[in-house]
Amino acid sequence: MKKIGVLTSGGDAPGMNAAVRSVVRSAIYRGVEVYGIYHGYKGLITGNIKKLEVSDVGDIVQRGGTILYTARCEEFKTEEGRAIAIEQLKKFGIEGLVVIGGDGSFMGGVKLTQLGFPTIGIPGTIDNDIPGTDFTLGFDTALNTIIDAIDKIRDTATSHERRFIIEVMGRGCGDLAMWSGLADGAESILIPETKEDLNTIVERLNRGIERGKRHNIIIVAEGVGSADEVAKAIKAKTNMDTRVTVLGHVQRGGAPTAFDRVLAARMGNKAVDLLLNGEKGKMIGIQDNKIVAHNILDLLTKKHEFNDELYKLAKVLSI
Ligand code: ADP
């Protein structure tokens, strides 16, 4: 294999740039040319493809977002769209592709692999909702952004003796809420993976008040519902007022943490290794601090593993 492509697709995540850099430099180091495909699968169809040199990926390791831009592309979901994409790849002589994105983007990659075009996926999403990896690229950075925000909210919660409900991202996955709740000593964490209901939260609130506690932090994963709904339900049950903060898109941006940069370096290098060894249809992951690869089709029926131990620990520490 003498020429490979790289694209970022789906939601952006900090660490994508560091992964692009790693793919480009790992390939060039092995004598392989790399082509950047801009705007995800859309760029593959329109031919928005440029050769990347070592210096093109300089000074990006620390930058959030993605220099290749990202997009969602409905046309790529059609056979006709994918046929055009294959033509473009052939035109540029690209023989293999690294896709940095979420599970939707990997499905696109699998379809290309089935058409005889080898593709390897790198999980890039802050949500940590991908099976076959302990961590996705961007999760650690988003987590640090969240705890930075919660630390600040806690200052005012303590000073004003107020109860705060903070909504964090994660789509259907509660990891951002659970990890940030544990890291920040939140009193309650509402996540989609568990059955903890409002009654339990209210009991905790009341227990705290009996102990003389006047401030409280409740973290709600967006997969459970909105923080506003939780605030209304608490008001209806207890007549207590709460303040709502929805952290929103600040969670997606910012310079990647050292963890995400190192993860990106390792995953990018492994993706190139696999392609050059003739592998295809696989996603890179990190499990027990080892870089691994799984068949994407095997992951389809699986869900990201929920860390019950951490959840229980968060509960123990927030008695
Ligand atoms: P994510 O990768 O973050 O899960 P999406 O689900 O929006 O994001 O997928 C990103 C892009 O991947 C889509 O816009 C589309 O171009 C492509 N894609 C997603 N699912 C498929 C599929 N089943 N077949 C082909 N392409 C797909």
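These notebook entries record what I looked up in the predicted model shown above.

**Conventions.** I number residues from 1 along each chain as its sequence is written.

**Domains.** I looked up the division of the protein and found domain 1 (3-138 + 256-299) and domain 2 (140-253), with bounds from an automatic or database domain assignment. Their C-alpha centres lie 34 Å apart. The contact (C-beta atoms, placed from the backbone, within 7 Å) takes 17 residues from domain 1 and 14 residues from domain 2. On the domain 1 side, I noted six nonpolar, seven polar and four charged residues. In this scheme Ala, Val, Leu, Ile, Met, Phe, Trp, Tyr, Cys and Pro are nonpolar, Asp, Glu, Lys and Arg are charged, and the others, Gly among them, are polar.

**Seven-stranded sheet.** I traced an open sheet with the order E3-E2-E1-E4-E5-E10-E11 and mixed pairing. Strands are DSSP runs of E (at least two residues) and helices are runs of H or I (at least four), numbered from the N terminus; pairing requires at least two DSSP bridges between two strands. Strand E3 (49-52) and strand E11 (290-295) each have a single partner strand, so one side of each lacks a neighbour in the sheet. The twist averages 30° from one strand to the next; axes are lines fitted to C-alpha atoms, for helices over the stretch in contact, and angles run from 0 to 180 degrees between N-to-C directions. I then followed E4 (residues 96-101) and E5 (residues 119-123), which run parallel and are joined by five bridges. Gly101 has Pro123 in E5 as its bridge partner. Helix H1 (residues 16-29) packs on this sheet and touches E1, E2, E3, E4 and E5, its direction making about 180° with that of E1.

**Four-stranded sheet.** I read the order of this open sheet as E7-E8-E6-E9, with parallel pairing. Its edge strands are E7 (188-190) and E9 (243-246), and the twist averages 20° from one strand to the next. E7 pairs with E8 (residues 216-221) over three bridges, and I found Leu190 opposite Val220 in E8. Helix H6 (residues 175-184) lies across E6, E7 and E8, at about 160° to E8.

**Ligand shell.** I listed 17 residues around the ligand, the closest being Gly10, Gly102, Gly104, Ser105 and Gly108; the criterion is a C-beta atom, placed from the backbone, within 6 Å. Helix H4 (residues 103-114) gives the most to this shell, with six residues. By class, I noted four nonpolar, nine polar and four charged residues in the shell.

Conventions: Predicted model: local features only at pLDDT ≥ 70, side-chain atom pairs only at ≥ 80, totals over all residues. Contact = placed C-beta atoms within 7 Å.
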